[in-house]
Amino acid sequence: MAQVSFNRIRRTYGEFTALDDVNLGIESGEFICLLGPSGCGKTTLLRILAGLEQPTAGDILVDGADFGAVPCHRRNIGMVFQSLALFPHLSVGENIAYGLDVRGVAKEQRRARADELTELVGLPGLYDRPVSALSGGQRQRVAIARALAIEPVLFLMDEPFSALDAGLREHLQIEVKKLQRKLGVTTIFVTHDQNEAMSIADRIVILNGGVIEQAGTPTEVYARPRSEFVANFVGTNNVLEVEFTPGADVMWNGISLGRPTGDMASLHGRRKLSIRPEYLQLAPAGTTGTGMVGTVEFVRLLGAQIETELTVSGHTIIDTMISDRPPAFGEGDTAEILINLDHAWVIPS
Amino acid sequence: MTGMLKRLFLWTIAAGLILPFAVVFGVSINAESNIAFPPTEFSGRWYMMLLTQSDWLIPIGNSFTIAFFAALIAVSIALAANYVLWRLNSGFGRAIFALGIGPFLLPPIIIAMGASVFWAEAGWYGRMEATIISHGVFFVTLPLVVISRGFAALSDDVIDASRIMGATPWQTFAKVIFPLVAPYVVTGYVLVAIISVNEYLISYMVSGFAVETLPIRIFNNVRYGYSPVVASAAMGFAFITVLSLLALSMVTDLLKLLGARRD
Amino acid sequence: MKRFAIAPHLIGLYPLGMMTIFFLGPLAFMVVVSFYLRDPLGFYKVDFVWENYGKFFSSFYYSVSLRSIWTSALASLLTVALAFPAIFIIVGMRRKWQLVWVIGLLALMCLSEVVIGFAWVILMSESAGIPRLLGWLGLWENPRSLSPSRLAMLIGMVSLGFSLVALMFYPQLSQRDRAIEEAAQTLGTPPAKVFFKVVLPIFRPALASSLVTMFVFYLGVYVMPTMLGRPQDWNMSVIITDKAVEQANMPLGAALAVIMLVFTVLLIGGFALATRKEGAK
């Protein structure tokens, strides 16, 4: 189990900057998700940690020791690749035992360890099966077992579930999380799927354009986004550009959103306000007297929730509410939107 | 370290593949009439002779005529076979396709021997048409494989879309399928034409004594005392081949046609 | 139930007919001719004799056969051993350089055996090639022509087949999942060993099939042995051509070609069977 620290990591490909001055510390036993859109640099950061790529500048410390000069094959890292990269010419057991084989472990011990791991990932008795005869989910498990067989100091996963259907993916996410808790291995998981990141990570690191936008627990990045990018990327959100004046109402496009209290009361000037759809409330026109009136554009049912899309003077506002009754508004209806400023978050600028 | 070794290995191979032609080029521009290298005085006379003397011009004409028609035959067979396989995907289609792979699997001498007795019996032994048909049939494998890549890239959705919009099968072929596989067809045609121009054994055994092609002319010349005109003819071959391929690489993505990874 | 499509079947008759008449037809007729009698004045006389096959069982054809097999085996092994690693390196290069190599290889593949053979004849000649260069450098006192010789013939054959093997492996090596080699590295394989530990084993079936293909290909080469080899290096192809064309003995040439055909078909069939068994296992 190891601590990792990235210090001022930079990686460029010609003109293109994939990573720009990345600093990140990872605690021993932590489950980290690197989250971001494609091309944000998350996979590059993972590959640099694995030693498959060299940073242009900066260094990596693992348990305080410099990792930069250690070649990939001596880093003792377990990695699950996006394509899985199972060895097609080897059986399930031989795949899992490969890392032990190159380390010169005797045959019986390799066999014993591989059996132990097939058990651990839920594939008992498949030692001699060729990997080409496995289902998608089974192949995932072999890849995971192969990476863990060498008792790695770090466990890396590069979008391992992106090719699976939604049900199986969720199932494996939970399994991986449980396995990681049991083994306590420091894990770094790359994904572009924010739901996946939210459900398995201890801490999410959000990257955009080669820069870390925010690193924090799932609750932190959801409730207190540090940038507009994070506010929009994680979950559905309404980001409004508002005007604060101490002692006066918060104004948005000439509409009053109410009088701010607490820390918000002392703010002034133009700020970005993040307010989640579940904290908005809709009321029939003319019932509350609020100035924020919208036209319903689209209504859809999302299982436990009803999502309503409205436009208010050209801006789109999303509202969600529990679907314990049929939608109260149809397309084309006018509705009043109530905002509770206690649940709003001012994005730091 | 390993990078150096890799580069050395590749350069050695490149040298082995290019060096013979460098020397031939040197000989072809040497003014002296005995074959010698390095050249002492430069001259284009051997190229002039190649392009003016009838005992070179006739074989050149023969070779190009054969290549032009043989490539047409090969590509038409390959296109039809691929269309049928793609359209039916049945045993019938697969059998035709397998038949087209056959010539590649057999040593050329067997094919040449077979063609030789066949045309002797048919009474076309020594006629250019015999060489054309034999080339067209025996070089079908390459366009067959190249065009099959084109059909493989053709998604069923596109065809269904065309049919739903009201196109007849023929219109679908002419307006959708053919334009999509056309680059592969062109590549196949050019490759067969080049290979046909360069082929020796079949031409020789089918009608070598009557229809002299350029390779036959060169071979006879090398065997029975040669002049530097042979060198200029060999270089002419190399130039034409490389130029045709360069032209091809400009109109099509050659690497993709040969199956390179998309990136 | 799908309606029987007539048009594609009709179109299919064209390639089917062409291949049957002009590819299978000649092969079948060659078998027939191999039983005919030689006619010194024409091509052959219709007959049914085993005499042409009988001639094969002599020490001359025995040694020619062995030599053909041995030379082809050696040449195919050398070619694959050079071309596979070369293409492995080439597919890792930039696209621009890959294109340069691919055009060069395609050009070589298309270029006539005659032209490549002639180029090597010149390169190995006393008056213009390597011997002259070595003599000029003072490394070889009495430079003599290096061809015709067995080595010259082998070099000619390898340079003829190299482009073919290289282009056969190009798509497979280009499209391979490079993550497998990276996985091997993360699991502790030193980079220098990845090629032998992972790449070669994965490509073992493809390598075997390219060896068989090239073996068959070299069995049928004619120009390289005649141009670069001595009469004692000549393979079966040269002998067949010699009998059929130079000595105007088509039935004997046909019989020898039929023997080679049977050998080739057995070899390819046996190999296909072996790979299928391996696949089932």
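This is a predicted model: local features need pLDDT of at least 70, side-chain atom pairs count only at pLDDT 80 or more; totals for chains, interfaces and linings use all residues.
Residues are numbered from 1 along each chain as its sequence is written, while chains are lettered from A and ligands numbered from 1 in the order in which they are written.

Seven residues of domain 1 of chain A and six residues of domain 2 of chain A form the contact. Two residues are in contact if their C-beta atoms, placed from the backbone, lie within 7 Å. On the side of domain 1 of chain A that touches domain 2 of chain A, helix α8 (residues 228-233) of chain A gives the most, with three residues. Helices (H or I, at least four residues) and strands (E, at least two) are DSSP runs, numbered from the N terminus. By class, this side of domain 1 of chain A holds three nonpolar, two polar and two charged residues. Here Ala, Val, Leu, Ile, Met, Phe, Trp, Tyr, Cys and Pro count as nonpolar, Asp, Glu, Lys and Arg as charged, and the others, Gly among them, as polar.

Chain A also meets chain C. The contact joins 17 residues of chain A to 15 residues of chain C. On the chain A side, β6 (77-80) and α2 (92-102) are the elements that give two or more residues. The largest share, three residues, comes from α2(A). Twelve residues on this side of chain A are nonpolar, four are polar and one is charged.

Chain B has 13 helices and zero strands. Its C-alpha atoms fill a box of roughly 70 × 60 × 30 Å along the principal axes. Of the 263 residues in chain B, 47% are buried. A residue is buried if 20 or more other C-beta atoms lie within 10 Å of its own, exposed if 12 or fewer, and partly exposed in between, with C-beta atoms placed from the backbone. Among contacts in chain B with a separation of 6 or more, 73% link residues 24 or more positions apart.

Chain B touches chain C as well. In this contact, 77 residues of chain B meet 77 residues of chain C. Helix α1 (residues 2-28) of chain B supplies the largest share of the chain B side, 13 residues. That side of chain B comprises 59 nonpolar, 13 polar and five charged residues.
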